[in-house]
Amino acid sequence: MKSRITNLFFVSVATLLLLTGAAKLYSATGTAKVLSQTDPILRVNNRALMVALGVLAIGLAAYLLARRDRASDSQRAIAVLWLSGNFIVYRVAMDLAGVTVCPCLGTLTSKLPLTREFVDHLLGAMVLYCFLGSALILWLAHTPGEPKSRRTPWADVGATERRRSRIQH
């Protein structure tokens with residue numbers, strides 16, 4: 001049951017990443033003024049940033065869909081946690097800098113029948129879903145009683161050290 005839910009989580013995250021990655025790449029082809037400006041946090045051209053993040057999102061989605069064995073659950077969760085954690089740090093930095101509009105989907109948001117504020121909240125919820133879901137998968141992989149195949153390689157380091165100390169005594 002856990003593996004079905006875990007795979008469903010990764011497929012849903014991959015779907016979100018494919019959609020947002022495609023949106024970023026589509027927006028990067030536009031002529032909007034914001035694309036020629038520099039990102040206020042990363043100090044990189046917005047067009048180049050949109051292309052890089054679009055390719056990264058689609059690449060991670062492909063990785064999540066390609067690695068569907070139980071042994072890779074922790075690796076996939078770490079990748080999602082890393083990306084979503086970076087998005088959270090970026091959003092916090094934007095808030096601290098007083099930037100009110102996140103160009104997360106580029107100019108595509110102006111074509112949607114939704115307010116920018118709603119889209120921004122929706123993207124924030126998606127990032128939290130990815131972050132909390134991957135953190136939960138990693139936490140469950142480290143709980144006692146889990147089969148070794150569900151645990152990350154470093155989960156057994158403490159057990160190995162305890163065995164060594166018992167042998168020495």
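A nonpolar core here is a set of buried Ala, Val, Leu, Ile, Met, Phe, Trp, Tyr and Cys residues joined through side-chain atoms within 4.5 Å. I kept that in mind while going through this structure, which is a predicted model.

**Entry 1: the core.** I looked up the largest nonpolar core and found 16 residues in it. F10, V13, L17, L60, L64 and V80 touch the most other members. Helix 1 gives the most, with five residues.

**Entry 2: L17.** I picked L17 from the core list and checked its contacts, leaving aside neighbours within four places in sequence. L17 is in contact with A57, I58, L60, A61, L64 and L83. L60 and L64 are also on the list of residues that touch the most other core members.

**Entry 3: helix 3 against helix 4.** I turned to helix 3 (residues 73–97) and helix 4 (residues 116–141). They pack at an angle of about 145 degrees, and their axes are 8 Å apart. The crossing is left-handed. From helix 3, the residues that meet helix 4 include D73, V80, F87 and R91. On the helix 4 side I noted, among them, D120, L123, F131 and L138. I looked up how the residues of this contact divide: 15 are nonpolar, five polar and three charged.

**Entry 4: aromatics.** How many aromatic pairs does the structure hold? I found two. Ring pairs link F9, F10 and Y129 into a cluster. F10 had already turned up in my core entry.

Technical notes: Residues numbered from 1 in each chain as written. Predicted model: local features only at pLDDT ≥ 70, side-chain atom pairs only at ≥ 80, totals over all residues. Heavy atoms only, no water. Axes fitted to C-alpha atoms, helices over the stretch in contact; angles between N-to-C directions. Helix = DSSP H or I, 4+ residues; strand = E, 2+ residues; numbered from the N terminus. Left-handed = near helix turned anticlockwise from the far one by under 90°. Contact = heavy atoms within 4.5 Å. Nonpolar A, V, L, I, M, F, W, Y, C, P; charged D, E, K, R; others polar. Buried < 20%, exposed > 50% of the residue type's maximum accessible area, 1.4 Å probe, protein only. Phe/Tyr/Trp six-rings, centres within 6.5 Å; stacked < 30°, edge-to-face > 60°.
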